[in-house]
Amino acid sequence: MLRLALRRVSSSSFSSSCSRFITGSASKPSLSIWRRKKELGKEGLVITKELKRLQTDPVRLDRFVRSNVSRLLKSDLVSVLFEFHRQDNVFLSMKLYDIVRKEIWYRPDMFFYRDMLVMLARNKRVDETKRVWDDLKGEGVLFDQHTFGDIVRAYLDSGMPSEAMDIYEEMRQSPEPPLSLPFRVILKGLIPYPELREKIKDDFLEVFPDMIIYDPPEDLFDDHEKHDDVSNSDIY
(Lines give C-alpha, C1' and ligand atoms only; values in the text may rest on other atoms or scores of the structure.)
Protein backbone atom coordinates (compact mmCIF):
# COMPACT_ATOMS: atom_id res chain seq x y z
CA MET A 1 0.00 0.00 0.00
CA LEU A 2 2.80 2.39 0.96
CA ARG A 3 4.66 1.59 -2.27
CA LEU A 4 1.46 2.20 -4.29
CA ALA A 5 0.83 5.52 -2.53
CA LEU A 6 4.40 6.67 -3.21
CA ARG A 7 4.01 5.72 -6.86
CA ARG A 8 0.80 7.80 -7.09
CA VAL A 9 2.43 10.81 -5.41
CA SER A 10 5.45 10.54 -7.70
CA SER A 11 3.22 10.26 -10.76
CA SER A 12 1.13 13.24 -9.64
CA SER A 13 4.25 15.36 -9.02
CA PHE A 14 5.65 14.48 -12.43
CA SER A 15 2.36 15.38 -14.14
CA SER A 16 2.23 18.66 -12.22
CA SER A 17 5.81 19.49 -13.21
CA CYS A 18 5.07 18.71 -16.85
CA SER A 19 1.95 20.83 -16.71
CA ARG A 20 3.90 23.77 -15.27
CA PHE A 21 6.63 23.37 -17.88
CA ILE A 22 4.20 23.23 -20.80
CA THR A 23 2.15 26.17 -19.52
CA GLY A 24 5.25 28.26 -18.97
CA SER A 25 6.60 27.51 -22.44
CA ALA A 26 3.29 28.29 -24.12
CA SER A 27 2.90 31.58 -22.28
CA LYS A 28 6.16 33.03 -23.58
CA PRO A 29 5.38 35.65 -26.25
CA SER A 30 6.73 34.80 -29.68
CA LEU A 31 8.88 37.32 -31.51
CA SER A 32 6.86 39.52 -33.87
CA ILE A 33 7.23 38.46 -37.50
CA TRP A 34 8.03 42.10 -38.28
CA ARG A 35 11.11 41.96 -36.04
CA ARG A 36 12.53 38.73 -37.42
CA LYS A 37 15.26 38.61 -40.04
CA LYS A 38 13.67 39.11 -43.45
CA GLU A 39 15.57 37.47 -46.29
CA LEU A 40 14.10 37.02 -49.75
CA GLY A 41 13.77 33.39 -50.75
CA LYS A 42 13.84 32.19 -54.34
CA GLU A 43 10.08 32.55 -54.82
CA GLY A 44 10.01 35.92 -53.08
CA LEU A 45 12.74 37.18 -55.39
CA VAL A 46 10.79 36.10 -58.48
CA ILE A 47 7.62 37.75 -57.17
CA THR A 48 9.48 40.97 -56.37
CA LYS A 49 10.95 41.25 -59.87
CA GLU A 50 7.62 40.52 -61.54
CA LEU A 51 5.72 43.04 -59.41
CA LYS A 52 8.24 45.72 -60.33
CA ARG A 53 7.91 44.82 -64.01
CA LEU A 54 4.11 45.03 -63.91
CA GLN A 55 3.65 48.06 -61.64
CA THR A 56 2.87 50.38 -64.58
CA ASP A 57 0.18 48.03 -65.91
CA PRO A 58 -2.71 48.00 -63.40
CA VAL A 59 -4.73 45.24 -65.08
CA ARG A 60 -1.86 42.76 -65.40
CA LEU A 61 -0.59 43.72 -61.95
CA ASP A 62 -3.92 42.92 -60.27
CA ARG A 63 -4.16 39.65 -62.18
CA PHE A 64 -0.67 38.66 -61.06
CA VAL A 65 -1.44 39.60 -57.45
CA ARG A 66 -4.55 37.41 -57.44
CA SER A 67 -2.85 34.42 -59.05
CA ASN A 68 0.59 34.53 -57.45
CA VAL A 69 1.05 36.94 -54.55
CA SER A 70 -2.06 35.73 -52.73
CA ARG A 71 -0.60 32.21 -52.42
CA LEU A 72 2.74 33.27 -50.96
CA LEU A 73 3.73 31.90 -47.57
CA LYS A 74 3.59 34.38 -44.72
CA SER A 75 7.38 34.64 -44.43
CA ASP A 76 7.74 35.27 -48.18
CA LEU A 77 5.05 37.94 -48.21
CA VAL A 78 6.67 39.71 -45.27
CA SER A 79 10.07 39.56 -46.99
CA VAL A 80 8.71 40.98 -50.25
CA LEU A 81 7.09 43.89 -48.41
CA PHE A 82 10.31 44.54 -46.52
CA GLU A 83 12.25 44.54 -49.80
CA PHE A 84 9.97 47.21 -51.25
CA HIS A 85 10.50 49.24 -48.08
CA ARG A 86 14.23 48.92 -48.59
CA GLN A 87 13.92 50.04 -52.21
CA ASP A 88 11.67 52.97 -51.20
CA ASN A 89 9.05 51.74 -53.64
CA VAL A 90 6.01 53.44 -52.12
CA PHE A 91 3.48 52.24 -54.67
CA LEU A 92 4.27 48.54 -54.28
CA SER A 93 4.76 48.91 -50.53
CA MET A 94 1.22 50.23 -50.23
CA LYS A 95 -0.02 47.47 -52.54
CA LEU A 96 1.56 44.79 -50.33
CA TYR A 97 0.42 46.65 -47.21
CA ASP A 98 -3.20 46.22 -48.32
CA ILE A 99 -2.64 42.54 -49.15
CA VAL A 100 -1.02 41.77 -45.79
CA ARG A 101 -3.88 43.36 -43.84
CA LYS A 102 -6.37 41.05 -45.59
CA GLU A 103 -4.45 37.85 -44.81
CA ILE A 104 -6.07 35.40 -42.39
CA TRP A 105 -2.92 35.35 -40.24
CA TYR A 106 -2.68 39.13 -39.98
CA ARG A 107 -2.73 40.68 -36.51
CA PRO A 108 -2.29 44.42 -35.81
CA ASP A 109 1.34 44.94 -34.90
CA MET A 110 3.28 48.00 -33.75
CA PHE A 111 6.39 47.06 -35.72
CA PHE A 112 4.45 46.54 -38.95
CA TYR A 113 3.12 50.08 -38.73
CA ARG A 114 6.42 51.53 -37.56
CA ASP A 115 8.20 50.19 -40.64
CA MET A 116 5.49 51.54 -42.94
CA LEU A 117 5.57 55.02 -41.40
CA VAL A 118 9.37 55.29 -41.40
CA MET A 119 9.44 54.31 -45.08
CA LEU A 120 6.74 56.88 -45.90
CA ALA A 121 8.61 59.54 -43.94
CA ARG A 122 11.77 58.78 -45.87
CA ASN A 123 9.85 59.38 -49.09
CA LYS A 124 7.98 62.46 -47.82
CA ARG A 125 4.53 60.98 -48.46
CA VAL A 126 1.78 62.90 -46.69
CA ASP A 127 -1.44 61.29 -47.97
CA GLU A 128 -0.19 57.74 -47.43
CA THR A 129 0.97 58.68 -43.93
CA LYS A 130 -2.51 59.90 -43.03
CA ARG A 131 -4.08 56.75 -44.43
CA VAL A 132 -1.75 54.40 -42.55
CA TRP A 133 -2.20 56.41 -39.35
CA ASP A 134 -5.98 56.17 -39.65
CA ASP A 135 -5.67 52.40 -40.15
CA LEU A 136 -3.54 51.84 -37.07
CA LYS A 137 -5.82 54.02 -34.96
CA GLY A 138 -8.81 52.04 -36.20
CA GLU A 139 -7.08 48.80 -35.20
CA GLY A 140 -6.20 50.10 -31.76
CA VAL A 141 -2.43 49.83 -32.26
CA LEU A 142 -0.48 51.53 -29.47
CA PHE A 143 3.16 52.52 -29.92
CA ASP A 144 5.54 52.47 -27.01
CA GLN A 145 7.37 55.70 -26.22
CA HIS A 146 10.64 54.71 -27.90
CA THR A 147 8.83 53.85 -31.13
CA PHE A 148 6.96 57.14 -31.02
CA GLY A 149 10.28 58.95 -30.68
CA ASP A 150 11.81 57.09 -33.62
CA ILE A 151 8.84 57.84 -35.89
CA VAL A 152 8.68 61.53 -34.97
CA ARG A 153 12.43 61.79 -35.60
CA ALA A 154 12.06 60.10 -39.01
CA TYR A 155 9.58 62.78 -40.13
CA LEU A 156 11.75 65.58 -38.76
CA ASP A 157 14.82 64.25 -40.55
CA SER A 158 12.81 64.20 -43.79
CA GLY A 159 11.79 67.83 -43.43
CA MET A 160 8.18 67.12 -42.45
CA PRO A 161 7.76 69.00 -39.14
CA SER A 162 3.95 69.28 -39.43
CA GLU A 163 3.49 65.50 -39.63
CA ALA A 164 6.13 65.02 -36.95
CA MET A 165 4.29 67.31 -34.54
CA ASP A 166 0.97 65.58 -35.23
CA ILE A 167 2.54 62.28 -34.20
CA TYR A 168 4.25 63.95 -31.24
CA GLU A 169 0.83 65.09 -29.97
CA GLU A 170 -0.35 61.47 -30.20
CA MET A 171 2.71 60.48 -28.17
CA ARG A 172 1.82 63.04 -25.48
CA GLN A 173 -1.73 61.67 -25.25
CA SER A 174 -0.58 58.06 -25.04
CA PRO A 175 -1.42 56.11 -21.86
CA GLU A 176 2.19 54.85 -21.87
CA PRO A 177 4.29 56.59 -19.18
CA PRO A 178 6.63 59.20 -20.70
CA LEU A 179 10.35 58.47 -20.98
CA SER A 180 13.17 60.98 -21.27
CA LEU A 181 15.11 59.31 -24.10
CA PRO A 182 12.40 59.67 -26.80
CA PHE A 183 12.13 63.36 -25.91
CA ARG A 184 15.89 63.77 -26.35
CA VAL A 185 15.77 61.96 -29.70
CA ILE A 186 13.03 64.37 -30.85
CA LEU A 187 14.80 67.46 -29.48
CA LYS A 188 17.93 66.59 -31.42
CA GLY A 189 15.87 66.29 -34.59
CA LEU A 190 14.33 69.70 -33.89
CA ILE A 191 17.62 71.63 -34.11
CA PRO A 192 16.61 72.99 -37.57
CA TYR A 193 13.30 74.16 -36.03
CA PRO A 194 14.19 76.33 -33.00
CA GLU A 195 10.64 77.54 -32.28
CA LEU A 196 9.23 74.02 -32.24
CA ARG A 197 12.23 72.89 -30.21
CA GLU A 198 11.44 75.46 -27.49
CA LYS A 199 7.88 74.13 -27.24
CA ILE A 200 9.02 70.50 -26.89
CA LYS A 201 11.74 71.59 -24.49
CA ASP A 202 9.06 73.19 -22.25
CA ASP A 203 7.04 69.95 -22.40
CA PHE A 204 10.13 67.95 -21.46
CA LEU A 205 10.96 70.14 -18.46
CA GLU A 206 7.34 70.00 -17.32
CA VAL A 207 7.41 66.20 -17.31
CA PHE A 208 11.00 65.85 -16.09
CA PRO A 209 11.65 68.99 -13.97
CA ASP A 210 14.85 67.61 -12.42
CA MET A 211 16.56 66.92 -15.74
CA ILE A 212 18.77 69.21 -17.81
CA ILE A 213 18.72 69.88 -21.56
CA TYR A 214 21.92 71.01 -23.21
CA ASP A 215 21.09 73.46 -25.99
CA PRO A 216 23.28 73.52 -29.10
CA PRO A 217 25.30 76.68 -29.79
CA GLU A 218 23.24 79.51 -31.27
CA ASP A 219 25.36 79.58 -34.40
CA LEU A 220 24.18 76.03 -35.15
CA PHE A 221 20.63 77.37 -35.52
CA ASP A 222 21.99 80.17 -37.71
CA ASP A 223 23.79 77.67 -39.95
CA HIS A 224 20.54 75.79 -40.55
CA GLU A 225 18.70 79.03 -41.37
CA LYS A 226 21.43 80.09 -43.82
CA HIS A 227 21.29 76.64 -45.43
CA ASP A 228 17.52 77.01 -45.89
CA ASP A 229 17.96 80.46 -47.43
CA VAL A 230 20.53 79.16 -49.90
CA SER A 231 18.26 76.23 -50.82
CA ASN A 232 15.32 78.56 -51.41
CA SER A 233 17.41 80.92 -53.56
CA ASP A 234 18.46 77.95 -55.67
CA ILE A 235 14.82 77.15 -56.32
CA TYR A 236 13.98 80.64 -57.53
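What percentage of the 236 residues in the chain is made up of buried residues? In this predicted model, buried residues account for 38% of the chain. The secondary structure consists of 12 helices and zero strands, so that the elements, read from the N terminus on, follow one another as α-α-α-α-α-α-α-α-α-α-α-α.

The packing of one pair of helices was examined in detail. Two packed helices are described by the angle between their axes and the distance between the axes. For helix α5 (residues 90–102) and helix α7 (residues 126–138), this angle is about 15° and the axes lie 12 Å apart. Since angles under 35 degrees count as roughly parallel, α5 and α7 are therefore roughly parallel to each other. The crossing in which α5 passes α7 is left-handed. On the side of α5 the contact is made by V90, M94, Y97, D98 and R101, and on the side of α7 by E128, R131, V132 and D135. Sorted by class, the residues in this contact of α5 with α7 comprise four nonpolar and five charged residues, with no polar ones.

An α-helix has 3.6 residues a turn, so residues three or four places apart point the same way.

G41, which is found in the loop between α1 (2–27) and α2 (42–54), is partly exposed, with a relative accessible area of 27%. Although G41 and S75 are 34 residues apart along the chain, their C-alpha atoms are separated by 9.1 Å.

Most residues other than glycine have a negative phi. Against this background, D88, which is not a glycine, has a positive phi of about 55°. D88 is placed in the loop between α4 (74–86) and α5, where it is partly exposed, with a relative accessible area of 30%. K124, likewise a residue other than glycine, has a positive phi near 55°, and this residue lies in the loop between α6 (110–122) and α7.

How values were computed. Residues numbered from 1 in each chain as written. Predicted model: local features only at pLDDT ≥ 70, side-chain atom pairs only at ≥ 80, totals over all residues. Heavy atoms only, no water. Axes fitted to C-alpha atoms, helices over the stretch in contact; angles between N-to-C directions. Helix = DSSP H or I, 4+ residues; strand = E, 2+ residues; numbered from the N terminus. Parallel < 35°, antiparallel > 145°, perpendicular 65-115°, else oblique. Left-handed = near helix turned anticlockwise from the far one by under 90°. Contact = heavy atoms within 4.5 Å. Nonpolar A, V, L, I, M, F, W, Y, C, P; charged D, E, K, R; others polar. Buried < 20%, exposed > 50% of the residue type's maximum accessible area, 1.4 Å probe, protein only.
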